Amino acid sequence: MRFGAAVLRAYEDPFTVEEVVLARGPAEGEVLVRIAGCGMCRTDLAVRRSAGRSPLPAVLGHEGSGVVVETGGTGTGLDVGDHVVLSFDSCGHCRNCMGAAPAYCDSFASLNLFGGRRAHAPRFTDTTGTALAPRWFGQSSFAEYALVPARNAVRVDPALPLELLGPLGCGFLTGAGAVLNSFRVGPGDTLAVFGAGAVGLAAVMAAHAAGAVTVAVDRHPGRLALAERLHALPVPATPTGTSDRVLRLTGGGATYALDTTGSAGLINEALRSLRPTGRLGLVARLHGTLPLEVGTLDRGRTISHLCMGDAVPGLLIPRLIALWQAERFPFDRLIRTYPLADINKAERDCETGRVVKPVLIPDGRRH
């Protein structure tokens with residue numbers, strides 16, 4: 001089977017949209033999905049800074065949505081024609097997977113970042129026969145088709161705008177899950193969100209839906225204006241005084257804070273923004289040491305890393321869709337669509353902050 005895909009061949013090169021070859025269809029427990037849309041996540045773009053740890057050439061993309069066109073075996077729980085949102089991969093049988101915590105799967109890194117499932121070796125090449133890296137997050141969905149473990153796929157109502165749903169599988173799931181699952185925010189709580197990108201604004205929307213007061217901190221005036229339209233109190237990120245403004249707006253400190261930036265300075269500001277016993281969650285990957293300033297962890301404050309919003313995708317994705325249908329989680333307001341052929345423009349717009357969530361729409365499909 002031949003189809004179009006965006007291939008990253010070197011860490012410093014642009015994506016090239018080219019024909020790739022899938023040697024055979026789905027194995028037992030897999031499904032082949034025709035991609036309707038795929039969100040671009042900063043985790044995809046971080047491959048460029050992975051110091052060679054992510055194998056190339058590769059087809060990236062891990063916020064896919066589409067239609068099942070073929071199933072492997074009878075145990076997938078999915079049928080041809082089902083509309084699905086694709087999320088992260090997990091083994092399904094380690095202690096954490098069995099304990100409804102697949103984001104902390106013992107094999108998360110190997111399955112999603114550094115090699116995929118060895119039992120189903122990559123069957124992906126370019127037209128010269130050169131092997132492409134194993135499936136990224138079990139998907140590699142910057143493409144017209146994706147071969148995925150059925151465990152990654154969540155069935156959704158075919159009446160929904162399928163091409164827009166992919167980011168519910170990662171970016172929006174991560175931000176909203178941090179609020180609804182990790183923090184269990186409710187009425188009367190206060191949340192400070194540092195970084196008003198896709199993950200941060202998903203947290204803002206989820207917190208508002210949960211009845212909490214939310215403060216959004218960012219250095220981009222446009223992002224702050226959008227956060228304010230989504231019912232957050234805007235605070236410009238400045239070298240000094242940010243935490244003081246958050247303390248005033250929250251009446252003495254936030255119950256919870258979420259940092260999406262990975263900036264040591266803002267993480268310390270986030271800790272100072274908390275009330276006693278407040279909790280800070282980190283979702284960005286840190287690329288160095290994290291020096292904590294004196295007093296930031298006093299009075300019962302805690303800090304932890306949160307992965308994928310502590311989500312079980314099959315539970316949280318339908319919940320977020322229901323909130324969207326009730327006009328309480330308007331994630332579509334963050335999305336701008338691009339043809340897959342314009343992937344490099346989408347990357348530039350994402351990196352410069354011109355768009356919150358690019359979604360790539362495959363074109364020129366062929367069987």
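The legends below go with several close-up views of one predicted model.

**View 1. Val359 and the residues around it.**
Is Val359 buried or exposed? Its relative accessible area is 0%, and the cut-off for buried is under 20%, so Val359 counts as buried. Which residues does Val359 touch once its neighbours within four places in sequence are left aside? The contacts are Gly37, Cys38, Gly39, Glu163, Pro167, Ile335, Arg336, Thr337 and Tyr338. For Val47, which is 312 residues away from Val359 along the chain, the separation between the two C-alpha atoms is 18 Å.

**View 2. A salt bridge between Glu30 and Arg135.**
How many salt bridges does a search of the whole structure find? The search gives 14. One of them joins Glu30 to Arg135, with 3.2 Å between the closest N and O atoms. Glu30 belongs to strand E3 (residues 30–39), while Arg135 is in the loop between strand E7 (124–126) and strand E8 (145–149), so this pair ties together parts that are 105 residues apart in sequence. Both Glu30 and Arg135 are buried.

**View 3. A salt bridge between Arg42 and Glu351.**
Here the closest N and O atoms of Arg42 and Glu351 are 2.8 Å apart, and the two residues form a salt bridge. Distant parts of the chain are linked by this pair: Arg42 is in helix H1 (residues 42–45) and Glu351 in helix H10 (residues 343–351), 309 residues apart. Are these two residues buried or partly exposed? Arg42 has a relative accessible area of 41%, which means that Arg42 is partly exposed. Glu351 is also partly exposed, at 38%.

**View 4. Lys357 in strand E17 and its partner Glu63.**
Lys357 and Glu63 form a salt bridge, and their closest N and O atoms lie 3.0 Å apart. Why does this pair tie together parts that are 294 residues apart in sequence? It does so because Lys357 lies in strand E17, whereas Glu63 is in the loop between strand E4 (58–59) and strand E5 (64–71). Lys357 is buried, with a relative accessible area of 2%, and Glu63 counts as buried at 0%.

**View 5. An open sheet of six strands.**
In what order do the six strands of this open sheet come? The order is E12-E11-E10-E13-E14-E15, and the pairing is parallel. Strand E12 (233–236) and strand E15 (302–305) are the edge strands, each pairing on one side only. From one strand to the next, the twist averages 20°. Strands of a sheet pair through backbone hydrogen bonds. Take strand E10 (residues 190–194) and strand E11 (residues 213–218), which pair in the parallel sense over five bridges. Leu191, for example, has Thr214 in E11 as its bridge partner. Helix H8 (residues 264–272) lies across E10, strand E13 (254–259), strand E14 (274–282) and E15, and runs at about 145° to E14.

**View 6. A nonpolar patch on the surface.**
Which residues make up this patch? They are Val213, Leu233 and Leu249, which together have about 210 Å² of accessible area. Leu233 belongs to strand E12, and is partly exposed, with a relative accessible area of 33%.

Conventions:
Residues numbered from 1 in each chain as written. Predicted model: local features only at pLDDT ≥ 70, side-chain atom pairs only at ≥ 80, totals over all residues. Heavy atoms only, no water. Buried < 20%, exposed > 50% of the residue type's maximum accessible area, 1.4 Å probe, protein only. Contact = heavy atoms within 4.5 Å. Salt bridge = Lys/Arg side-chain N within 4 Å of Asp/Glu carboxyl O. Helix = DSSP H or I, 4+ residues; strand = E, 2+ residues; numbered from the N terminus. Pairing = 2+ DSSP bridges. Axes fitted to C-alpha atoms, helices over the stretch in contact; angles between N-to-C directions. Patch = residues over 30% accessible without salt bridge, like charges linked within 9 Å, V, L, I, M, F, W, Y side chains within 5 Å. Areas by Shrake-Rupley, 256 points an atom, 1.4 Å probe, with all protein chains shown as cover.
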